[in-house]
Amino acid sequence: MSYLAPAGTPVSLATYVRSLSLGLRRNSGDNLARALATHAGHTQGWLFSTGRAAMVVALQALKDASNDSRRNEVIVAGYTCYSVPASVLRAGLKPRLCDIDTRTLSLDLGALKQFDLTKVLAIVSANLYGLPNALHDIEAIARESGVALLDDAAQALGAKVGQRPVGGFGAVGLYSFDKGKNITSLEGGALVASDPLLTAVLQRRWESLGAGTTVRSVQNVVKLAAYSALLHPPLYGLVQKLPFLGLGLTRYEDDYPLHRYPPVLSGFARVLFERLPELMSIRRRNALALREALRPASSIAPIDLLDGAEPSYTRLPVLVQTTARRTQLITDLNRHGIGATASYPAALCDVPELLPHIEPADRATEGAREVARRIMTLPVHPFCPPGYAERIAAICTSSQR
Ligand SMILES: *Cc1c(COP(=O)(O)O)cnc(C)c1O
């Protein structure tokens, strides 16, 4: 059966060939790093094996560059990718969980102001699904208290708020090229920054990393060929059930390698980055059509966009009235070949592996819990066929009670 993957980026054969030949050229990685830095309005960029490796290095570098040894806490959104708190711990720092606003999914500004910011090294934004957080406000709070903002745009490359690119706020920005992000080379991450002291430390730390193995690079190049074929809805229907692919699973993982990005992969990210405006306009158009079509679905509420936000939509998130209703909708939609998901299964305060590291004060972020119970994501990628928004809406209203 034909199946729409939850998220993805089409890589045609022509794109594949062009990407590979670009990746094999000298300086291919440097060009990508520079292009991302320019995009974010920063002066320098560095590429890493993954976004989580980039995050560990960013946090270590912020710690090195800080002259205040009391600052060892990192504030993260109570509902975000599990690798964010894992990276904080990996960097030898202490994760603090800030609740989120259920209407916008942004860090809750009221909750953020409650923290004793004199002990905080960095605040990490989330910008989930390509929806910008309240970045101007978060940046102002960070600046006033001498805290660094790490603008996590792993899911938000191309998004803007008030004309400024997401990933370009604060001291350092982060991008990811993992599966299901705005552009992909299956693995990869980037940092962008400008401050002279910080960039010197980042450069030193980046140079001291290993290059990763050739075997892994070759594996990824082969897997990319498979990925580009399998994302096609007829094939995705066949493979989505293969357990060794681990599609759609969220696991807490903290033993990932810290390497530089293999230059051969950079061609893929580079070519897709050039196509980002086109990819984004398709995702936006699909997201708008879905939002519009879902209006009559009484058990589904949209996420509000903040003023001036131009999202880049890796997927369209919505909130479903109850968990039971969400389970029913996801089952129905999947039965009809639509990759609806419940996103991350839990708020960070309820992730067992993290619990020993979480302060009692942070163990009940109720907004994050509510989002974890109610969120559903819908595909908006370029493989979504005409009329799919109406089909989804029909499924979501036909079983309405
Ligand atoms: C994916 C993601 C990361 C980590 O990126 P990887 O490249 O998968 O390691 C960090 N933060 C957020 C919000 C993410 O979605």
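## A buried phenylalanine in a loop

Let's start with Phe383, which sits in the loop between strand E13 (375-378) and helix H14 (388-398). Keep in mind that this is a predicted model. Is Phe383 buried or exposed? Its relative accessible area is 17%, and buried means under 20%, so Phe383 counts as buried.

Which residues does Phe383 touch, once its neighbours within four places in sequence are left aside? They are Leu4, Pro10, Leu231, His232 and Pro233. Arg26, on the other hand, lies 33 Å from Phe383, C-alpha to C-alpha, and the two are 357 residues apart in sequence.

## Strand E9 and its two partners

Next up is strand E9, residues 189-193. Here 5 of the 5 residues are buried, so the strand is largely enclosed by the rest of the structure. Gly189, Leu191 and Ala193 point one way, while Ala190 and Val192 point the other way, and all of them are buried.

Who pairs with E9? Strand E1 (residues 44-48) runs antiparallel to E9 and is joined to it by 5 bridges. If you want a spot to look at, find Trp46, which stands opposite Leu191 of E9. Strand E8 (residues 172-176) also pairs with E9 in the antiparallel sense, again over 5 bridges. In that pairing, Gly173 has Val192 of E9 as its bridge partner.

## Helices H3 and H4 side by side

Now for a pair of helices. At what angle do H3 and H4 pack? For helix H3 (residues 51-65) and helix H4 (residues 83-90), the angle is about 45 degrees and the axes are 9 Å apart. That angle makes H3 oblique to H4. The crossing of the two helices is right-handed.

On the H3 side, the contact is made by Arg52, Met55, Val56, Leu59 and Gln60. H4 brings Ser83, Val84, Ser87, Val88 and Arg90 to the contact. Sorted by type, the residues of this contact come out as 5 nonpolar, 3 polar and 2 charged.

## What covers H4

H4 is mostly covered, with 6 of its 8 residues buried. Which ones are they? The buried residues are Ser83, Val84, Pro85, Ala86, Ser87 and Val88. Their cover includes H3 along with strand E2 (73-77), strand E3 (94-98), strand E4 (120-124) and strand E5 (148-152).

Notes. Residues numbered from 1 in each chain as written. Predicted model: local features only at pLDDT ≥ 70, side-chain atom pairs only at ≥ 80, totals over all residues. Heavy atoms only, no water. Axes fitted to C-alpha atoms, helices over the stretch in contact; angles between N-to-C directions. Helix = DSSP H or I, 4+ residues; strand = E, 2+ residues; numbered from the N terminus. Parallel < 35°, antiparallel > 145°, perpendicular 65-115°, else oblique. Left-handed = near helix turned anticlockwise from the far one by under 90°. Contact = heavy atoms within 4.5 Å. Nonpolar A, V, L, I, M, F, W, Y, C, P; charged D, E, K, R; others polar. Buried < 20%, exposed > 50% of the residue type's maximum accessible area, 1.4 Å probe, protein only. Pairing = 2+ DSSP bridges.
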